[in-house]
2 protein chains.
Amino acid sequence: MTSTPTEWPRDSVGIVKEESFTFGSPESPLALTCGRTLGPVTLAYETCGELSPEKDNAILILHALSGDAHVAGYHTPEDRKPGWWDFMVGHGRPFDVDKYFVICSNVIGGCKGSTGPSSINPQTGKPYNLDFPMVTIADMVNAQKHLIDHLGIRRLLCVTGGSMGGMQALQWSIACPERVASAIPIATTCRQNAMQIGWDEVGRQAIYADADWCNGAYLLHNKRPVKGLAAARMLAHITYLSAESMQRKFGRRLREKENYGYDFGLDFEVESYLRHQGEIFVNRFDANSYLYITKALDYFDLERDHGSLRNAFENVLTRYLVLSFTSDWLYPTAQSLELVHALQNNRKRVRFRELETWYGHDSFLLPNAEMMALVSDFLATVQQEVRKV
Amino acid sequence: MTSTPTEWPRDSVGIVKEESFTFGSPESPLALTCGRTLGPVTLAYETCGELSPEKDNAILILHALSGDAHVAGYHTPEDRKPGWWDFMVGHGRPFDVDKYFVICSNVIGGCKGSTGPSSINPQTGKPYNLDFPMVTIADMVNAQKHLIDHLGIRRLLCVTGGSMGGMQALQWSIACPERVASAIPIATTCRQNAMQIGWDEVGRQAIYADADWCNGAYLLHNKRPVKGLAAARMLAHITYLSAESMQRKFGRRLREKENYGYDFGLDFEVESYLRHQGEIFVNRFDANSYLYITKALDYFDLERDHGSLRNAFENVLTRYLVLSFTSDWLYPTAQSLELVHALQNNRKRVRFRELETWYGHDSFLLPNAEMMALVSDFLATVQQEVRKV
């Protein structure tokens, strides 16, 4: 194969470098919401575009549950699979690298280059496993603040992300009002509801049910709970889709057969697809990270943290663009509207749009002309305003 | 405790007897859709009310995935938990035992007194386990036909059920047009869609992931895949509810604590509820039956069986009352409408109503005045018509 970078789209950011930043020595570790501390803390991140001399064009992109810092572009010339939000980040794309300096930070608790349960615990020389402290969305954001400080950026032009990334964006705007000019929370919520907690809990139970989980110590036993983690992922994957998108994509089509097998092998394309999603996930994700990050999602509740949603947004100085999707039944529009109303009750500046799609929660990860135009326009307005001040 | 039956509601059917009927000797076993045979076949069933001398007042009630033949009343004087559809069956209740003879039949493949994978295989003297042949909704109905013959009933006044029970009702009306005067399929579909297959497949994967499943042979090893089956049930249970009902019932309420535990113990009421649902389920249901019955659901496709839905209902002689629920996102109203349209395209008699509820798919299992009135009225009309002929 003689593949060359010329196969990449012309507006791609091209090669991006995996970077990491470590802070939090044993003497000054990161204080966590749970009361424990974590240190040293490493954050994996990637950047594209150039930071302006005024350092006023930085956009921080935050990823969802299973995401990572690789938001756009390619890691090697041979790479054919771009980052997870590539269509949003590039030359002339909504997060336009000719105008903006784009940063994407991984989260603590994860397994994509940042400190998490599979990292080595400096006190024992072994993986933390379940000794890793519980982390929250606020802790993830606190860690990112160290990274943004390190990059010398005082105020972010925008903080954005979908799903858990949107929670981080909201948390950023509340925790550091003066450091966030604008935020674009997408397909997200101010607090995980009972059904969202329920799905996460079932995923965790599927992992616990796998004997190879070894009560969290599988790394010490050279095992991995691949079946349980795959089941958890399959379950979550369905919640990211819509009944309509699944029906359009798979219907009742059989998998390489004309008649039912009348056994427990593969009958339907949708079974094959879900099994495949489970299989590839276990090769790229750590089961304990899955447990920790779903707990961070479930603990997210700005109402509880601040007494009320109105209080939560009382002191924000951020301008918001809130987006939701008609087919997203996991993080439905009603949750975005709850956010919008809390902002409006505080007379904050917010634009809201529900986009018509049929892809479900995953809609934010798929090219959408309306979403792209809304983000472009919003960022242009924000940048103009920031530069005017 | 000196509890007495007087604590039961006055319109209860009171004590009902668990009965069973066995047919299908090795010489004339039940022929199954998969090409294999099953015999002998035992069906558990219960009856309430009296069969009229004309034998024209029999109503066959069919249960959903995890249901059983115990549809109403109590098994012993000490029993405080009535059958699963007790509010529908009783003196003066919609399935009025003063007017109708009510039969509820369990399904083959199950574990509630009928022949299923945990039954003894007469050829080996051991449980069938995965040697049990795959059964379909049509096979379940074929087995029930033997029971109805045995009871001496030529024509059923009504066949009804919710979810998988509704599938059996549809299958009855198609397979035996002259034997079904009316049918009330509730919260059901003519064919399982991709998402419904997907949920079932994830449940199966959660069971497979439990090492104690022993590739289906757990009974031979004195084990039971309780964790995997519990996870499967928790997952399914969420699909039976609605986000609204879960939020109203649990919200983000903590379980016997005021602050988050920041561990993998119990934090939220909804986690406690789901874990409890999983735990009680594994004590009353067999994991292999769960696998077989979900496959029967997934194989259900009247369109595939008959070339088109229109063809499927071409020869029915049944009058239908089709019911769905606004909050049921698992078997949404659109699927009931597909059925209604197939009947209307054949100029068959069908009444349809979407009932406003917020309980999700489980709505059919909960008292609902509108549903009760619709069923009462429909049955009265049908009986009047049947007796006129």
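I looked up V13(B) and skipped its neighbours within four places in sequence; the contacts left are C48(B), A72(B), G73(B), V89(B), G90(B) and V97(B). I note that this is a predicted model.

I took V89(B) from that list and checked the spacing. V13(B) and V89(B) are 76 residues apart along the chain, yet their C-alpha atoms are separated by 7.4 Å. I then placed V13(B) in the fold: it sits in the segment before β1 (19-23) of chain B.

Is V13(B) buried or exposed? I find 25 other C-beta atoms within 10 Å of V13(B), so it is buried; the cut-off is 20 or more.

Next I turned to the contact between the chains. Chain B gives 42 residues and chain A gives 42 residues. On the chain B side, I listed the helices that each supply at least two residues: α3 (194-208), α4 (226-240), α5 (243-249), α6 (269-282) and α7 (287-299). Which helix has the largest share? It is α3(B), with 10 residues. I sorted the chain B side by class and got 28 nonpolar, 6 polar and 8 charged residues.

Last, I looked at a helix pair in chain A. The axes of α4 (residues 226-240) and α6 (residues 269-284) of chain A come within 8 Å and cross at roughly 125°. The two helices are therefore oblique to each other. I logged the crossing of α4(A) past α6(A) as right-handed. From α4(A), the residues that meet α6(A) include L229(A), M234(A) and H237(A); from α6(A), the partners include L274(A), F281(A) and V282(A). By class, I have 8 nonpolar, 3 polar and 2 charged residues in this helix contact.

Methods
Residues are numbered from 1 along each chain as its sequence is written. Chains are lettered from A and ligands numbered from 1 in the order in which they are written. This is a predicted model: local features need pLDDT of at least 70, side-chain atom pairs count only at pLDDT 80 or more; totals for chains, interfaces and linings use all residues. Axes are lines fitted to C-alpha atoms, for helices over the stretch in contact, and angles run from 0 to 180 degrees between N-to-C directions. Helices (H or I, at least four residues) and strands (E, at least two) are DSSP runs, numbered from the N terminus. Angles under 35 degrees count as roughly parallel, over 145 as roughly antiparallel, 65 to 115 as roughly perpendicular and the rest as oblique. A crossing is left-handed if the near helix is turned anticlockwise from the far one by less than a right angle, and right-handed if clockwise. Two residues are in contact if their C-beta atoms, placed from the backbone, lie within 7 Å. Ala, Val, Leu, Ile, Met, Phe, Trp, Tyr, Cys and Pro count as nonpolar, Asp, Glu, Lys and Arg as charged, and the others, Gly among them, as polar. A residue is buried if 20 or more other C-beta atoms lie within 10 Å of its own, exposed if 12 or fewer, and partly exposed in between; C-beta atoms are placed from the backbone.
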